[in-house]
Amino acid sequence: MRIKKVAAPTVAEAMARVRAELGPDAVILNSSVRPGGVEVTAARGEVAAAPEHRPEAGRRAQNPAAVGPAHGPARPAAGDADRSPAPVLAVETIVGRLVAHGVEEVLARALGASLADRHGNQVSPDLAPSALAEVLEGEAGRPRPVGLEARPTVVLVAGPSGSGKTTLVAKLAAQFSLLQGASVSLVNADSVRAGAAAQLEAFAGILDLPLYHAATAGELDAAMSQAGAADLVLVDSPGANPGNLMHLAQLRGLAESLAPHRVLLCLPATTGVAEAAHTVSRFQPLGVTDLVPTRVDEAAYRGNLINLSARVAVPFSYWSLGPHVPEDLAVFSWEKLVRWCLRETAWPAAAPATGAQEAGSREVQGVAGR
Ligand SMILES: Nc1nc2c(ncn2[C@@H]2O[C@H](COP(=O)(O)OP(=O)(O)O)[C@@H](O)[C@H]2O)c(=O)[nH]1
Ligand SMILES: [Mg+2]
C-alpha cells in the first residue's frame with residue numbers, strides 16, 4: 001500500500017494531485033482544513049483494517065495502576081493466574097471517581113446502583129466503562145450521527161453565540177464531502193455577526209463547496225432552491241441569546257421556513273448544568289433533535305455532560321473535541337466519556353489534550369453515517 005500526504009490551497013487541487021500520484025482509486029484516509037488550505041492523506045492498495053481502539057490498554061501498559069484500585073493487586077503475570085486475583089474496581093470507588101469528575105453525587109450513586117445490580121459490587125476495570133456506558137445509553141439513547149436518508153438532507157446548526165456553530169458546519173461539510181464523497185451545499189443565515197460570512201466563505205473556498213447567503217426570508221427561499229440540488233444542505237445560523245425572546249423567535253422563524261431534518265444545538269461542555277439545561281429548554285421550540293457538546297477539550301469536569309443528559313430529553317449526537325476542521329469532531333461516545341470519568345487522576349493532572357486528540361483523530365473517518 002502506498003500512502004501520500006498532499007497539501008494544497010483547495011480540496012480540488014489536493015484531490016487532483018492525489019489522483020495524479022496514486023491513480024483514480026485512491027482512498028482518502030484523513031483530511032484537515034488549515035488556514036490557507038487543506039491537507040489530505042490518501043492511500044492506494046488494500047487498506048489494512050485499523051486495530052481495535054482500546055485507549056485503556058495502552059495507558060495501562062505505561063501505568064499498570066491507572067484504572068485499578070490505588071493499592072490493589074497488580075495484574076497477574078502469565079503463569080501467575082492461579083495465585084493473584086484479577087484486578088477489580090469497587091463500585092464505591094467508581095462512584096467516587098464519577099463525582100471527582102463532576103457527576104452529581106445522587107446521579108453517580110444511581111449509576112453505581114445500576115452497575116452493582118448487573119455486575120455485583122466489584123467490577124473488572126476492563127468491564128466498568130462499557131458496562132456504565134450501556135446503562136447511560138439505555139437512559140439517553142444511542143448517539144445517532146447525521147444520515148443522508150433524504151435528498152437533500154437539511155441540517156440546521158443553532159446555539160448561543162461563540163458556541164462553535166460555524167466550526168461544526170465546516171467540520172460536517174468537510175467530513176461528508178471529503179470522506180463520504182457526498183455533495184454538500186452551505187447556507188449562511190447569520191447576517192448578524194461581523195465576519196460570519198467571511199468565516200464560512202473561507203471554509204467553503206477551501207472545500208470547494210457552494211455557499212449561499214440568506215439574510216431575509218426571500219433570500220432563504222432562493223438559497224434553498226439552489227442549495228437543494230445537493231445531498232446535504234448545512235445551514236449556519238446567527239448566535240441566539242437564550243434569554244432574548246426576539247433572537248429565539250427569529251431563529252424559530254428560520255427553522256419553520258427550512259423544516260430541517262435535523263436541528264443540532266451546539267453547547268459548550270464548559271457550561272454549568274443549570275445554565276445548559278435552561279439553554280436547551282429555550283431552544284427546544286425550534287425542534288432541536290440533537291445536542292452537540294463543543295469545547296469538550298476545554299472542559300475539566302466532563303462528568304457534567306452526564307448531569308446534562310439526565311436533565312434533558314435531547315440525545316447527544318456528536319461532540320467537538322477541539323477547533324481543528326474536521327478531525328476534532330467525532331460521534332459522541334458514552335464509553336469514551338466514562339473512560340475519561342473513571343481516570344484515577346483527576347483534573348488537571350490528566351492532560352485533557354491527549355484525550356481529546358485521541359478521540360478526535362481516531363474517529364474522524366467513522367463520524368458520519370448514512
Ligand atoms: N477549543 C475549542 N475551540 C473551538 C471548538 N469549536 C469551536 N472552537 C473555536 O471557538 C471559536 C468560535 O467558534 P465559531 O464556530 O465561530 O462559533 P459560532 O459563533 O457559534 O459560530 C472559534 O475560534 C473556533 O475555532 C472546540 O470544540 N474546542
Ligand atoms: Mg458563526
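Visitor: In what order do the 3 strands of the open sheet come?
Guide: The order is 1-3-2, and the pairing is antiparallel. Strands here are DSSP runs of E with at least two residues, helices are runs of H or I with at least four, and both are numbered from the N terminus. Two strands pair if DSSP finds at least two bridges between them.

Visitor: Which strands stand at the edges?
Guide: Strand 1 (2–8) and strand 2 (27–34) do; each has a single partner strand, so one side of each has no neighbour in the sheet. From one strand to the next, the twist averages 15°.

Visitor: How many bridges join strand 2 to strand 3?
Guide: There are 7, with strand 3 covering residues 37–44. Val-33 sits opposite Val-38 of strand 3.

Visitor: And which helix packs on that sheet?
Guide: Helix 1 (residues 11–22), which touches strand 1 and strand 3, and its direction makes about 150° with that of strand 1. Such angles run from 0 to 180 degrees between N-to-C directions, with axes fitted as lines to C-alpha atoms, for helices over the stretch in contact. Contact means C-beta atoms, placed from the backbone, within 7 Å.

Visitor: Where do these coordinates and numbers come from?
Guide: This is a predicted model: local features need pLDDT of at least 70, side-chain atom pairs count only at pLDDT 80 or more, and totals for chains, interfaces and linings use all residues. Residues are numbered from 1 along each chain as its sequence is written, while chains are lettered from A and ligands numbered from 1 in the order in which they are written.

Visitor: New topic: how many residues of strand 10 are buried?
Guide: 6 of the 7, so strand 10 is largely enclosed by the rest of the structure. Buried means 20 or more other C-beta atoms within 10 Å of the residue's own, all placed from the backbone.

Visitor: What does strand 10 pair with?
Guide: Strand 6 pairs with strand 10 in the parallel sense over 4 bridges, and strand 11 (residues 290–294) pairs with strand 10 in the parallel sense over 5 bridges. Cys-266 is opposite Val-292 in strand 11.

Visitor: Which residues of helix 10 are buried?
Guide: Val-273, Ala-276, Thr-279, Arg-282 and Phe-283. They pack against strand 6 (153–158), helix 9 (245–258), strand 10 (262–268) and helix 11 (304–311).

Visitor: Last one: which helix gives the most to the shell around ligand 1?
Guide: Helix 6 (residues 165–179), with 3 residues.

Methods:
A residue is buried if 20 or more other C-beta atoms lie within 10 Å of its own, exposed if 12 or fewer, and partly exposed in between; C-beta atoms are placed from the backbone. Two residues are in contact if their C-beta atoms, placed from the backbone, lie within 7 Å.
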